[in-house]
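Trainee: I would like a close look at a single part of this model. Please take it slowly and keep to what can be computed.

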Amino acid sequence: MLEFANKEHYRSYYFDTKNQTITCPALTKDASADVCVVGAGFFGLSAALELAQKGKSVIVLEGARIGFGASGRSGGQAINGFEEGIDEYIKHVGEEKAHKLWDMSLEAIDIIDERVKDFNIQCDWKKGYATLALNNRRMDDLIAIEKESHERFGYQNMQLWDKSQLQQHLGSDIYVGGLFDSNSGHLHPLNYCLGLAKACLDLGVVIYEQTPVLDIKQQHLRAEVITAKAKVTCKDVVLATNAYITELPKSVHHGIANKILPVESCIIATEPLSQTVADSLINNGMSVCDNNLLLDYYRLSADNRLLFGSDIDANQPLSAAMRKGMLRVFPQLEGVKVDYEWKGPIDMTVNSTPHFGRIAPNIYFAHGYSGHGVALTGLAGRIVSEAIMGDDERLAIFEQLRVPSVYGGKLVKKIATAIGVRYYRFLDKYR
């Protein structure tokens, strides 16, 4: 049985503050469409939206609820660029295509701007994002990023802040400085996801919830997507399951699940803070992340709660570990109550490189966003829709990126992830 199948949303701050409820039926009768999308998160809905705008008929099959996974539970940060440095991409595809990848990462932010405006999505979308350094060596990394983005790509939206400049906006004393990006930002992920779903429905996309996919069979030039009670016949299939692809049968994913290490990310939300206290923490509305390997990320919600997330060892007591991390950054919150805590898997790759491509001429996928999914999923939806429409130039660039595999099933991946967490914690301590 698939772990996520037929489940309801986990209770989180996002779920309790969603601004609309969308409920779709399960698939009980055979259906057909031009394209069947598996998964109703950011990527799946983005692909469906793009395809519907291009005149394709689309059916979306969701195994649980719209935005059940990271699309409804993540930190909400929308960040340009990629988790791995651009030099790695130059090694993979060369200078010219690496420039195209950088430009596409900026387009990913523009897509959020466009959709929030075009479809009137109320999701607290706000610009401003800072990456912070805990010591001088890590500050050197930020200096190198700013220099490269400016000199190599002509990007003008980043500003280096020393400790005193940072403390004009952030009420924490533990950082030596930071890199502020005025173009990246943050949003309420579940409200954004539900907004995408509504836009899809308004354009004629049919969404079925509580309908996990059990198999995909190729029949001549068409595919059959098999569920428990019915099937969808289509020309093209889009796999948009992200971290949950590791739970699907191999007949569905054909081995691409070996590229993904699901890593648990954990978030807490405080009680609402007074405006004075909120401004004493972050006074310019930015979201924040440090540049550790196992990093902390945080921001203020629209109702002045501190949302604090971390890539911690999810086997330890969640509430105590997260509160300890929050107080390390903001010791002045000692007496503040934590109202919510939740966690969920994000789709990491071993080298943090996104994995987009095809497992057959008519079966497309994109996953491995490695912490950049809020923005990159929209780009992935556009790129895959372009390929389905006959233009695969941009998808082909992503297909050239090298992503290592991890073999051995769930147990091996769990062990590998646990070892990786401990190794990264060691590196963070001494680098």
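Across the interface of domain 1 and domain 2, how many residue pairs does the rule find in polar contact?

Mentor: This is a predicted model, in which local features need pLDDT of at least 70 and side-chain atom pairs count only at pLDDT 80 or more, while totals for chains, interfaces and linings use all residues. Residues are numbered from 1 along each chain as its sequence is written, and side-chain values use heavy atoms, with hydrogens and water left out.

The rule finds nine residue pairs in polar contact across the interface of domain 1 and domain 2, both residues at pLDDT 80 or more. A polar contact is a pair of N or O atoms within 3.5 Å; within protein, one must be able to donate a hydrogen and the other to accept it, and residues adjacent in sequence count only if both atoms are side-chain atoms.

On the side of domain 1 that touches domain 2, the elements giving two or more residues are helix H1 (13-16), helix H4 (86-93), H5 and helix H14 (409-430). Helices are DSSP runs (H or I, at least four residues), numbered from the N terminus. H14 gives the largest share of that side, eight residues. By class, the residues of that side are 16 nonpolar, six polar and eight charged. Here Ala, Val, Leu, Ile, Met, Phe, Trp, Tyr, Cys and Pro count as nonpolar, Asp, Glu, Lys and Arg as charged, and the others, Gly among them, as polar.

The domain assignment, automatic or from a database, gives domain 1 (1-125 + 187-258 + 347-430) and domain 2 (127-183 + 272-336). Their C-alpha centres lie 27 Å apart. In contact (heavy atoms within 4.5 Å) are 30 residues of domain 1 and 27 residues of domain 2.

The rule also finds two salt bridges across this interface, a salt bridge being a side-chain nitrogen of Lys or Arg within 4 Å of a carboxyl oxygen of Asp or Glu. The side chains of Arg-152 and Glu-95 meet in a salt bridge at 3.2 Å, N to O.
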